[in-house]
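Keep it brisk, and say how each term is defined.

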Amino acid sequence: MSPHARADTPAPVHAHAHVLVLGGTAEARELAEALATRPGTRVTTSLAGRVSRPGALDGDVRVGGFGGAEGLARWLRTEHVDALVDATHPFAAGITANAVRAARTVGVPAIVLRRPGWQAGPGDRWHSTTSLAEAADLLPSLGRRIFLTTGRLGLAAFAPLSELHFLVRSVDPPEPPLPPHTEVLLARGPFTVEDETTLLRKHAIDVLVTKDSGGAATSAKLTAARGLGVPVVVVRRPPLPEGVTPVADVSEVLAWLDGVLSGTGL
């Protein structure tokens, strides 16, 4: 199967193959949908359970942690998993590290799916940081009204910034501690450039903070910030485990699976 083949094109695979997808992303959902249509393939998507209302998924679904790399290794053996796909969020570094370790321990073929990160273009005023704490340290020098779109976890890094006003957007209510001047907006993407521009103007936002999640579902805020001349603090992704080279899309995963499950490799 070509890396450029359509994700929804069925292809012959090993009979009764079991694929574990570590999910929580749009790509994981797309992959589960593609695999569920393939005769002889069982797909199980595992969700960490951090989102209270996940959408429906094709195939089997499990929710909750495995108990570290050792617990995942046991699950891979018990459930006779033939291939593991880590399609988690680019910032789920702990899950990825456990997945790689468990797969190597058990000898299960594994691959990491990561959508490409965002790239700054002409007119962008980006400030790159390596952590939320570093982003928080930078904010007082950039503005006073902050649009924070880094998710509901880790906001404690911004809690000491009592002189700044924060608009926090997340799917579920954020976990305390929060900055003292915080307004919470519960919303799920995708968002349009028009909507994001209106939001930035309505709240007089002068700094945007985001993680480099990549993808189109939440990139409109970057375009809106560019159009309004708003600086953006971008938290870079954590590094992948040593020896791991990710693939960028579902079609590449399906091509890899065709090789692995047929016993021929890539």
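Predicted model: local features only at pLDDT ≥ 70, side-chain atom pairs only at ≥ 80, totals over all residues.

Residues are numbered from 1 along each chain as its sequence is written, and side-chain values use heavy atoms, with hydrogens and water left out.

Start with the core. A nonpolar core here is a set of buried Ala, Val, Leu, Ile, Met, Phe, Trp, Tyr and Cys residues joined through side-chain atoms within 4.5 Å. Buried means under 20% relative accessible area, exposed means over 50%, and partly exposed lies in between (1.4 Å probe, protein chains only). The largest such core has 21 residues. Those with the most contacts inside it are Val19, Val21, Leu31, Leu35, Val85, Val253 and Leu257. Strand E1 (17-22), H1, strand E4 (83-86) and helix H7 (250-262) each supply at least two residues of this core. H7 gives the most, with six residues. These helices (H or I, at least four residues) and strands (E, at least two) are DSSP runs, numbered from the N terminus.

Now the salt bridges. The term requires a side-chain nitrogen of Lys or Arg within 4 Å of a carboxyl oxygen of Asp or Glu. Side chains of opposite charge can pair when their charged atoms come close. A search of the whole structure finds ten salt bridges.

One of them joins the side chains of Arg101 and Glu70, at 2.6 Å from N to O. The pair links distant parts of the chain, with Arg101 in helix H3 (residues 93-106) and Glu70 in helix H2 (residues 68-78), 31 residues apart. Arg101 is partly exposed, at a relative accessible area of 48%. Glu70 is also partly exposed, at 40%.

Next, look at strand E4. Asp86 and Arg114 meet there in a salt bridge through their side chains (3.3 Å, N to O). Asp86 sits in E4, while Arg114 is in the loop between strand E5 (110-112) and strand E6 (126-129), 28 residues apart. Are these two residues buried or exposed? Both Asp86 and Arg114 are buried.

Arg226 is in helix H6 (residues 220-228), and Asp124 is in the loop between E5 and E6, 102 residues apart. Their C-alpha atoms are separated by 5.2 Å. Why does Arg226 count as partly exposed? Because its relative accessibility is 33%. Asp124, at 16%, counts as buried. Salt bridges that share partners also join Arg42, Asp60 and Glu79 into one network.

Turn to the surface. Glu30, Glu33, Asp58 and Asp249 gather in a patch of negative charge. Patches take residues with over 30% relative accessible area and no salt bridge, with like charges joined within 9 Å. Glu33 belongs to helix H1 (residues 26-36). Glu33 is partly exposed, with a relative accessible area of 46%.

Finish at Ser131, in the loop between E6 and helix H4 (132-138). Ser131 is partly exposed, at 27% relative accessible area. Ser131 and Arg104 are 27 residues apart in sequence and 29 Å apart in space, C-alpha to C-alpha.

Conventions
Patch = residues over 30% accessible without salt bridge, like charges linked within 9 Å, V, L, I, M, F, W, Y side chains within 5 Å. Areas by Shrake-Rupley, 256 points an atom, 1.4 Å probe, with all protein chains shown as cover. Lys, Arg positive; Asp, Glu negative; His and termini not counted. Charge placed at Lys NZ, Arg CZ, Asp CG, Glu CD.
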